[in-house]
Amino acid sequence: MTERERKESHSRESEAEEAADEIVAEEQGEALTERIDDILDEIDTVLEENAEEFVKNYVQKGGE
Amino acid sequence: MTDAVPQIVLGTETEFGITVLNQTDFNPVAAASTLVNSYAGQRARIKWSFDEESPGRDARGFGFDLTPSFDMESGLVNVVLGNGARFYVDHAHPEYSSPECADPLEAALYDKAGERVLARAVRNAQQLLPEGQRFVIHKNNSDGKGNSYGAHENYLISRAMPFGQVVEHMTGFFATRQIFTGSGKVGSENGRPEVDFQLTQRADFFEEEVGLETTLKRPIINTRDEPHADPAKYRRLHVIIGDANLSEFQTYLKLGATAAMLEAVEAEAIPESLIMADPVRSVWQVSHDTSLARPIEMENGRTMTALEAQWQYLEWVAKYVSEADNGVIYGDVMRVWEEILADLEQDPMLVADRLDWAAKLRLFKGYRARDGLEWDAPKLRLLDLQYHDVDPDRGLYNRLAAGGRMQRLFSDEQIDGAVRRPPEGTRAYFRGMCVSRFGESLVAANWDSLVFDIGEESLRRVPMMEPLRGGKDRVGELLDRADTPAELLRALGGDND
């Protein structure tokens, strides 16, 4: 299959469908944003206390 | 058509990042040793025998001097687990090498079990520390300061397959699979161009196309050739160009797509080679491109994106899988491979519940929007590390998964079972069951042998050169019937030396 054929096979069948997909994606996007604020609040409660200190001191030896 | 291995046996090895908070004289080797020794599960603290190992052996056919780093792998702290895995100190890291598994789903489960082993070891080791100090273990591959440690995959392939064929087809596959194998990272390292965020932890550290090294000048195709099995029949492809993944889905897809691709290469079912003009640069470029849209320059003067290359590999491999009639193992892998490529093509944020890099990116975008953080803000760097914490409460992946925000493949009960019991389809079954039942009589172990001391004048060695033998169907009854290691050895018959 050539690259063009492949693109065609994966392309949307009509512009109407594409528009519908965009609306769905947008709605999903909004839902994700709402949920992400909840999760950020939750994560804040477990994050290591001093970010700067933690990151500065985090040094690993190489491995493998 | 080569004389194909009937089934690809596979497994993973993970070096974990280790630190002890508030410990002024922190020594990673001592800390890792404490951790491994503290693990209280089914285990045997035994000598790991290096007799059969030769990490200096090269798959291209010529020998090589052992690198000094090998000497550090002293095997002083070594635990063989009841699930057939090896848990030990490698360099300055605790390392979990999963047992040999017979399919990618099982291998993903035993990889996950490794996180549980580390978390349990931490719980025990923690009690040895003074108040105020705390072990923190990360399943990651970089400290963000230019130091990397590995997450390796192992695939047992046929010795008959010319190694050049592996190099020809797998180089492009490895460079482009990063779009679904990466665990994500803020910034770049090792002198690579600056970037806010990239798909993988490891890409910045790859500098060669083919080679034996794993600690410097890391190659896309690693040629270490230790099959830990009959070397006349098998070769072990030691894949070092991958990230440690927290997402179960992602580990499964990474292992499944790669194993299926290897089978297709072995069966000569890949009709064309997708050869990149500069594979090493392409590895960096793919990792640095979160849009997934930048074209890669190919040797033939054309260009293609990583997504396009992966669609092409999927088409070839799926055709091979359906024609070879091995859909039992790979049918579902083909489905999830297609699903992830389709979602990545539509909107990479759609896979934030399945791929670590996308899950991280979604979090970072959220924090940047809410708190107005720059990409190099310490808080983002901390989030980047803490995503990988194996602690069930502190680890951010674990928080997301517990909140139903990551798709999971395994229940907690399944993972606990995989910590305790070996896989049933490979020799890991024999190893794990011997550790659980007769651990006190085991004096040495290796991937391909066990050595027992049953109180006789000489030690008794049981070789296990065939990875697909030693499973429950072959030795289950023998193990069930034996009450002592001596009875077991008698039942196995004359395999002593």
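Is Glu42(A) buried, partly exposed or exposed, judged by its relative accessible area? Glu42(A) is partly exposed, with a relative accessible area of 26%, where buried means under 20%, exposed over 50% and partly exposed in between, computed with a 1.4 Å probe on protein chains only.

The views below show a predicted model, in which local features need pLDDT of at least 70 and side-chain atom pairs count only at pLDDT 80 or more, while totals for chains, interfaces and linings use all residues. Residues are numbered from 1 along each chain as its sequence is written, chains are lettered from A and ligands numbered from 1 in the order in which they are written, and side-chain values use heavy atoms, with hydrogens and water left out.

**View 1. Chain A is built from helices.** Chain A has three helices and zero strands, where helices (H or I, at least four residues) and strands (E, at least two) are DSSP runs numbered from the N terminus. Read from the N terminus on, the elements of chain A follow the order α-α-α. Of the 64 residues of chain A, 25% count as buried.

**View 2. Chain A meets chain B.** In this interface, 34 residues of chain A are in contact with 57 residues of chain B, contact meaning heavy atoms within 4.5 Å. In chain A, the residues that lose the most area to chain B are Tyr58(A), Gln60(A) and Glu64(A), which together make up 23% of what that side buries. The two chains bury about 4,000 Å² between them, 56% of it on carbon and sulfur atoms; buried area is the accessible area (1.4 Å probe) that two parts lose on being put together, summed over both.
Between chain A and chain B there are 23 residue pairs in polar contact, with both residues at pLDDT 80 or more. A polar contact is a pair of N or O atoms within 3.5 Å; within protein, one must be able to donate a hydrogen and the other to accept it, and residues adjacent in sequence count only if both atoms are side-chain atoms. Helix H1 (3–10), helix H2 (15–44) and helix H3 (51–57) of chain A each supply at least two residues of the side that touches chain B, and H2(A) gives the most, with 13 residues.

View 3. Gln60(A) lies in the segment after H3 of chain A and is buried, with a relative accessible area of 4%. The side chain of Gln60(A) reaches the backbone oxygen of Ile18(B) at 2.9 Å. Leaving aside residues up to four places away in sequence, Gln60(A) touches several residues, including Gly17(B), Thr19(B), His93(B) and Tyr149(B).

**View 4. A salt bridge between the chains.** Eight salt bridges are counted between chain A and chain B, a salt bridge being a side-chain nitrogen of Lys or Arg within 4 Å of a carboxyl oxygen of Asp or Glu. In one of them, Glu42(A) pairs with Arg405(B), and the closest N and O atoms are 4.0 Å apart. Arg405(B) is buried, with a relative accessible area of 15%.

**View 5. A salt bridge within chain B.** The side chains of Arg159(B) and Asp225(B) meet in a salt bridge, at 2.8 Å from N to O. The pair links distant parts of the chain, 66 residues apart, with Arg159(B) in the loop between strand S9 (151–158) and helix H4 (163–181) and Asp225(B) in the loop between strand S13 (218–222) and strand S14 (234–239). Arg159(B) is partly exposed at 22% relative accessibility, whereas Asp225(B) is buried at 3%.

View 6. Strand S17 (residues 442–446) of chain B is largely enclosed by the rest of the structure, because four of its five residues are buried. S17(B) pairs with strand S18 (residues 449–452) of chain B in the antiparallel sense over four bridges, and two strands count as paired if DSSP finds at least two bridges between them. The two strands form a hairpin with two residues between them, and Ala445(B) has Leu450(B) in S18(B) as its bridge partner.

**View 7. Leu292(B) with a positive phi.** Although Leu292(B) is not a glycine, its phi is positive, at about 60°. Leu292(B) is placed in the loop between H6 and strand S15 (296–297) of chain B, and is buried, with a relative accessible area of 6%.
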